[in-house]
Amino acid sequence: MRDVHYVVDGRAIFSGLNIRARRGRITAVMGPSGTGKTTLLRLITAQVAASSGTVSVLGKDLGQADKDEIYGLRKRMGMLFQNGALLTDLSVFENVAFPVRENTDLPEPLLRRLVLSKLQSVGLRGAAQLMPTELSGGMARRVALARAIVMDPEILIYDEPFVGLDPISMGVILRLIKQMNVALGITSVVVSHDVQELATIADDSYLLSGGKVVANGSPQELAASNLEVVHQFMSGEDDGPVAFHYPAPDYFEQLLTGEEP
Amino acid sequence: MSNGRDENFIIGGIRRMGASFLFLFKLLGQCAPAFGRPSLIIAQIYNAGGRSLIIIMLCGLFVGMVLGLQGFQLLQRFGSEEALGSAAALGLLKELGPVVTALLFAGRAGTALTSEIGLMRATDQLTAMEIMSVDPLRYVAAPRFLGGVIAMPLLTAIFNLVGLFGAQLIGVELMHVDQGAFWSQLQAAVDLRSVNEGFVKSVVFGITCSLIAVHEGYNSAPTAAGVGLATTRTVVASSVMTLLLDYVITAFFL
């Protein structure tokens with residue numbers, strides 16, 4: 001992504017964003033809540049177009065691509081949603097089979113083997129016939145991961161993969177992300193604010209704040225940074241450049257004058 | 001007197017109607033590919049039609065029975081209670097069948113469609129499909145739309161049939177109108193034009209109600225309140241449009 005600006009309703013979400021996710025590596029994008037991390041993923045997957053600047057995926061400039069080219073590119077990408085986004089009317093097996101069924105003419109026996117092998121890799125082959133409502137949060141995310149890799153993508157995008165998971169599930173997801181990257185050579189982009197978890201798997205990290213990249217480098221470099229905002233984020237201090245208080249009128253004045261909140 | 005709120009209501013309504021039409025064109029473009037997957041459409045015909053059967057039949061029976069009672073009371077005054085068959089049949093075929101079926105469809109199947117699609121939007125399922133290179137218009141919206149359009153005339157036919165049975169039950173069995181006269185008058189009065197009028201209405205209502213339901217769900221705000229609001233809008237807009245179009249089509253067939 002080069003010099004990307006993105007404006008919604010006159011409010012700039014990104015102003016001059018530069019991020020490069022290198023082939024075959026895990027790139028972490030971190031930042032406080034509300035910095036547009038999810039918007040970043042929407043830009044990469046061409047759900048929204050940048051107001052200016054270029055977003056290139058697999059060598060293709062998304063600004064120049066038509067709908068067919070975008071759909072073609074998306075077949076080479078996988079995305080893990082924060083809540084899994086499993087199709088609730090299909091079983092676990094059918095959910096994983098869904099992108100293959102819709103995009104290829106793979107014969108049924110081959111499809112079955114493919115889906116079972118992907119489910120095996122996330123440890124849920126035994127859950128193939130369950131419905132998404134019968135899964136725990138961690139299991140749902142693993143099924144979603146199996147679905148994201150079933151088309152053997154070149155890029156895997158993770159949206160907040162650790163949110164709301166217990167330590168065991170978190171460990172499983174962490175191991176799987178690393179495994180997908182090492183074993184399959186998938187380029188991974190992980191958007192998250194879980195600093196400690198990301199530090200163990202990321203090759204490169206970017207820290208976003210105020211619509212820009214404020215720091216980048218390996219997780220160790222970021223941890224050692226003496227930039228105030230980086231320090232606040234990495235060590236989780238409640239006040240600093242990212243203020244604890246949302247902008248408001250003077251506290252005492254508001255209490256005394258009885259002004260409408 | 002007009003104020004900002006009224007203007008917003010009117011302009012918002014017009015804007016939504018325009019958006020619905022644009023959505024219809026996009027949807028129609030995806031209908032041909034959707035026919036390539038008949039299993040999806042059949043599942044939706046079952047969803048919209050099959051699951052509405054009981055309520056449609058129950059209401060049809062009562063509407064027919066009321067027609068029988070009211071019609072008998074009225075016709076008896078003129079000593080022409082034998083005309084009950086034709087009165088009930090024409091009333092059901094031309095008006096009550098298509099209209100009441102559409103209103104029930106909006107309340108039963110339309111709301112289900114809107115909330116289902118709205119929740120799919122709210123839980124990122126539609127976005128996930130897009131990311132998997134599957135157009136949700138083709139996979140989700142088009143089969144549901146087509147299912148509704150096909151189900152409506154079938155439901156209307158069943159409503160009419162059960163309604164006639166109800167009218168017959170009251171007229172012939174309870175009020176002792178002559179059975180031969182009841183059916184022969186009915187046969188003489190109902191011509192192809194009346195049947196066509198009812199059929200055209202049911203198809204138009206099917207398109208309208210399904211379009212509104214799918215459109216509202218597809219474009220609902222991805223929140224609990226948003227899906228609730230979209231569902232309410234489906235019922236209100238479908239009911240109003242059904243009655244409005246009913247008048248237009250009736251005038252056209254006169």
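Trainee: What pLDDT does chain B average, and what percentage of the residues score at least 70?

Mentor: The scale of pLDDT, the predictor's confidence in each residue, goes from 0 to 100. Chain B averages 91 on it, and 97% of the residues score at least 70. This is a predicted model, in which local features need pLDDT of at least 70 and side-chain atom pairs count only at pLDDT 80 or more, while totals for chains, interfaces and linings use all residues. Residues are numbered from 1 along each chain as its sequence is written, and chains are lettered from A and ligands numbered from 1 in the order in which they are written.

Trainee: Where in chain A is confidence lowest, and where is it highest?

Mentor: Helix H9 (residues 228-235) of chain A is lowest, at a mean of 70, and H3(A) is highest, at 92. The mean for chain A is 82, with 93% of its residues at 70 or more. For the complex, the predictor gives an ipTM of 0.80 and a pTM of 0.84.

Trainee: What makes up the secondary structure of chain B?

Mentor: Helices and strands are DSSP runs, numbered from the N terminus; a helix (H or I) needs at least four residues and a strand (E) at least two. By that rule chain B has 9 helices and 0 strands. Its C-alpha atoms fill a box of roughly 70 × 55 × 30 Å along the principal axes.

Trainee: Why does A:Ala46 count as buried?

Mentor: A residue is buried if 20 or more other C-beta atoms, placed from the backbone, lie within 10 Å of its own, exposed if 12 or fewer, and partly exposed in between. A:Ala46 has 23 C-beta neighbours inside 10 Å, so A:Ala46 counts as buried. A:Ala46 lies in the loop between helix H1 (37-44) and strand S4 (52-54) of chain A, with a positive phi of about 60° although it is not a glycine.

Trainee: Why is B:Ser133 called partly exposed?

Mentor: B:Ser133 has 19 other C-beta atoms within 10 Å, so B:Ser133 is partly exposed. B:Ser133 also has a positive phi of about 60° without being a glycine. Most residues other than glycine have a negative phi.

Trainee: What makes A:Arg23 count as exposed?

Mentor: A:Arg23 has 10 C-beta neighbours inside 10 Å, so A:Arg23 counts as exposed. A:Arg23 is in the loop between strand S2 (11-17) and S3 of chain A.

Trainee: How do you know that the length of helix H6 of chain A agrees with its number of residues?

Mentor: The expected span is 1.5 Å times one less than the number of residues. The 18 residues of helix H6 (residues 167-184) of chain A should therefore span 26 Å, and the end C-alpha atoms are 25 Å apart, which agrees.

Trainee: What makes H5(A) mostly covered?

Mentor: In H5(A), 11 of its 13 residues are buried, including A:Val143, A:Ala144 and A:Ala146. The buried residues pack against strand S7 (77-80), helix H3 (92-103), helix H4 (108-121), S8 and H6 of chain A. Two residues are in contact if their C-beta atoms, placed from the backbone, lie within 7 Å. Not counting residues up to four places away in sequence, A:Ala146 touches A:Val96, A:Lys118, A:Leu119, A:Ser121, A:Val122 and A:Leu124.

Trainee: How many residues does the largest nonpolar core have?

Mentor: A nonpolar core is a set of buried Ala, Val, Leu, Ile, Met, Phe, Trp, Tyr and Cys residues joined through C-beta atoms within 7 Å. The largest has 128 residues, and A:Val29, A:Ile157 and A:Val190 are among those with the most contacts inside it. Helix H6 (residues 136-174) of chain B gives the most to this core, with 16 residues.

Trainee: How many residues does each chain bring to the contact?

Mentor: Chain B brings 10 residues and chain A brings 14.
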